[in-house]
Amino acid sequence: MYCEGDSWGCYMPMRLSLTSIEPDPIERVVQLASESAVVIFSVSSCCMCHAAKRLFCGLGVNPTVYELDLEPRGQEMEKALSRLLGSSQTVPIVFIGGKLIGAMDRVMGSHINGTLVPLLKEAGALWL
């Protein structure tokens with residue numbers, strides 16, 4: 001489990017092997033995003049990434065987290081995420097139910113306007 005200071009996180013950072021990454025990073029990102037109800041592409045030292053992970057944990061969701069700075073081909077995946085998002089801002093990038101939600105501004109906007117929890121329920125990440 002993820003440990004920050006003395007507190008345990010509610011998600012397990014995932015590791016990728018070199019053999020599991022397909023030649024096209026966009027295809028790989030889309031594949032990984034569709035394998036779990038909530039997927040966060042993150043950088044371990046990013047404070048906004050930490051905030052996104054804590055938000056989902058606080059809601060009772062256990063997201064799958066890919067720490068791009070710890071992956072051998074993480075820079076390629078980060079560039080692919082930037083292309084998918086259509087923005088130079090890349091992390092954190094959140095997928096719910098395999099659908100691209102976006103960066104932290106979109107996630108927080110959805111949380112504030114009340115649409116995030118229904119998305120999580122629809123994706124099977126929340127049951128209540």
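**View 1. The salt bridges of the model, and how they were picked.** Side chains of opposite charge can pair when their charged atoms come close. Here, a salt bridge means a side-chain nitrogen of Lys or Arg within 4 Å of a carboxyl oxygen of Asp or Glu. Go by that rule and you get three of them. The model is a predicted one, with pLDDT of at least 70 needed for local features and 80 or more for side-chain atom pairs to count, while totals for chains, interfaces and linings use all residues. Residues are numbered from 1 along each chain as its sequence is written, and side-chain values use heavy atoms, with hydrogens and water left out.

**View 2. Lys53 pairs up with Glu67.** The closest N and O atoms sit 2.7 Å apart. Lys53 belongs to helix α2 (residues 47-58) and Glu67 to strand β5 (residues 64-67), so this one links distant parts of the chain, 14 residues apart (helices are DSSP runs of H or I, at least four residues, and strands are runs of E, at least two, numbered from the N terminus). Both Lys53 and Glu67 are buried (buried is under 20% relative accessible area, exposed over 50%, partly exposed in between, with a 1.4 Å probe and protein chains only).

**View 3. Arg73 meets Glu76.** Again we have a salt bridge, with its closest N and O atoms 2.7 Å apart. Glu76 counts as partly exposed because its relative accessibility is 35%. Arg73, at 22%, is partly exposed too.

**View 4. Glu122 reaches Lys99.** The N to O distance in this salt bridge is 3.8 Å. Glu122 lies in helix α5 (residues 116-123) and Lys99 in strand β7 (residues 99-102), so the pair ties together parts 23 residues apart in sequence. With 62% relative accessibility, Glu122 counts as exposed.
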